[in-house]
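Q: Got a model open here. Can we walk through its strand pairing?

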Amino acid sequence: MGDGGVFLDVTDRVAVVTIDRPEVRNAIGFATIDAFGTALDDVLASDAAVLVVRGGGDRAFVSGGDLKELAAVRTHTDAVSMASRARRLLDRLAGFPVPVIAALNGHALGGGAELAIAADIRVAADDVKIGFNQVSLGIMPAWGGAERLAAVIGRGRAILAITTGEIYDAPAAHALGLVDAVVERAAFDDHWRALATRMASTAPGTTRSVKAVVSAPYPAVHAHLEADATDAFAQLWVADAHWEAVEALQQRSR
């Protein structure tokens, strides 16, 4: 599998989904969303007891949405549709029946941070950064990340993180509770793989049962909030301030 830059490997009951689109720093486009959904179908059909999500290479986990591709989204209706499509994928990941580990091999920014917070556990290499910095483009998280961030680090800290667009280095993110473990770069791949293997080595069905019981009082999916969140996002997306920020970013990148 490699459609949309998404690759799946299942070995010894550990499923690893890798988003590998180096030309756009592993950004998420529509084909990526569809391919990721197909990968989740395949994981469900396997004997996997743990799912790991990572980015290809060592520079980016996921850099966010693919801005070049998403630039074609210009109307409020289309912006709602785009946000809902990505949100439902991450809702599915957040509600996945087996534990999900986000192996932050590189920076997780914007939509990448939303993908990371949809996982149950975040393990970061010590040189990566993570931030819900959508505000730098005049928009806000709309893929369920705002609600999940508040549940993980608290309401006040989540509002601060999102409204300032603060980008945290790995130790600061760990202190905030945004990541669960920080590992030296040289040992990073061995660490997350050993962790996933240890979790998967339990008796069949154990990881699913544990996740179901622990997650019951702390639901990570809030489908009833989708309409308001995507509407608020879409209003910001079509505003002049957003497109001016996008143009400024493109100018700096040239």
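Q: What is the bridge partner of alanine 103 in strand 7?
A: Valine 123. This is a predicted model: local features need pLDDT of at least 70, side-chain atom pairs count only at pLDDT 80 or more, and totals for chains, interfaces and linings use all residues. Residues are numbered from 1 along each chain as its sequence is written, and side-chain values use heavy atoms, with hydrogens and water left out.

Q: How do strand 5 and strand 7 pair, parallel or antiparallel?
A: Parallel, over four bridges. Strands here are DSSP runs of E, at least two residues, and helices are runs of H or I, at least four, numbered from the N terminus. Two strands pair if DSSP finds at least two bridges between them.

Q: And which residue of strand 5 is the bridge partner of arginine 54?
A: Alanine 103. Strand 3 (residues 50-55) runs parallel to strand 5, joined by four bridges.

Q: Is strand 5 buried or exposed?
A: Buried: five of its five residues are, so the rest of the structure largely encloses it. Buried means under 20% relative accessible area, exposed over 50%, partly exposed in between (1.4 Å probe, protein chains only).

Q: Which residues sit on each side?
A: Val100, Ala102 and Leu104 are on one side, Ile101 and Ala103 on the other. In a regular strand, side chains alternate between the two sheet faces.

Q: Zooming out, what's the strand order in the sheet?
A: 1-2-3-5-7-10, six strands in an open sheet with mixed pairing.

Q: Which ones are the edge strands?
A: Strand 1 (6-11) and strand 10 (181-183), each pairing on one side only.
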